[in-house]
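Please read these notes alongside the sequence and the model.

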Amino acid sequence: MTTREQFEALKGREIAARSAEERTAIITELDRLSAEDPRAFEEAVLASARQTLADAKQLRMKEQLNEISQIVSMSYIAKHYFNKTKSWLSQRVNELNVNGKPAKFTQEEIDTLNAAFKDISDKIGAFKVSY
């Protein structure tokens, strides 16, 4: 088992730990692991932090889109701004597996999504009901 795999296993155990004694034992194991190969341990910690940040960004985007989807039709956005189906958009919002890997937005697609919301905002802002 690699240092990274050991680190991830210990991290999982720490999250599930129910007592201070369990956490102390896990910290002892982490100390041992870091002493065995400090460089690999550092890389494992950094990789874990990067993944946590990526996960947090994805959750934030998902929360934002969940809120707006109650106001604006995601089917409309998928069709009119991406020329795709609502399923395609949902796969990216939820990072569902497509062809064996999670579907994600490209930076260009995020820019298109932001432009779509701006365009819709402008249209709603300019709308006025008249008799």
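This is a predicted model: local features need pLDDT of at least 70, side-chain atom pairs count only at pLDDT 80 or more; totals for chains, interfaces and linings use all residues.

1. Residues are numbered from 1 along each chain as its sequence is written, and side-chain values use heavy atoms, with hydrogens and water left out.

2. The largest nonpolar core has 15 residues. Such a core is a set of buried Ala, Val, Leu, Ile, Met, Phe, Trp, Tyr and Cys residues joined through side-chain atoms within 4.5 Å; buried means under 20% relative accessible area, exposed over 50%, and partly exposed in between (1.4 Å probe, protein chains only). The members touching the most others are Leu-65, Ile-77, Phe-82, Leu-89, Phe-105 and Leu-113. At least two residues each come from α3 (38-69), α4 (74-82), α5 (86-93) and α6 (107-126). Helices (H or I, at least four residues) and strands (E, at least two) are DSSP runs, numbered from the N terminus.

3. Phe-82 is in contact (heavy atoms within 4.5 Å) with Ile-77, Trp-88, Leu-89, Glu-109, Thr-112 and Leu-113, leaving aside neighbours within four places in sequence. Another core, of eight residues, lies apart from the one described above; among its members are Leu-10, Ala-17, Leu-30 and Leu-33.

4. Helix α1 (residues 3-16) has 14 residues and should span 20 Å at 1.5 Å a residue, which agrees with the 20 Å between its end C-alpha atoms. The expected span is 1.5 Å times one less than the number of residues.

5. Thr-3, Phe-7 and Leu-10 are the buried residues of α1. Viewed down the axis, they fall within an arc of 65°, so they line one face of the helix; the arc is that of the directions from the helix axis to the C-beta atoms. Their cover includes α2 (20-36) and α3. Exposed Ile-15 and Ala-16 sit on the face turned away from the buried side.

6. Ser-48, in helix α3, counts as buried at 6% relative accessibility. Not counting residues up to four places away in sequence, Ser-48 touches Phe-7, Glu-8 and Lys-11.

7. Which backbone angles deserve a check? Asn-83 has a positive phi, near 55°, and Asn-99 has one of about 55°; neither residue is a glycine. Most residues other than glycine have a negative phi. Asn-83 is in the loop between α4 and α5 and counts as exposed at 68% relative accessibility. Asn-99 is in the loop between β1 (97-98) and β2 (101-102) and counts as exposed at 78%.
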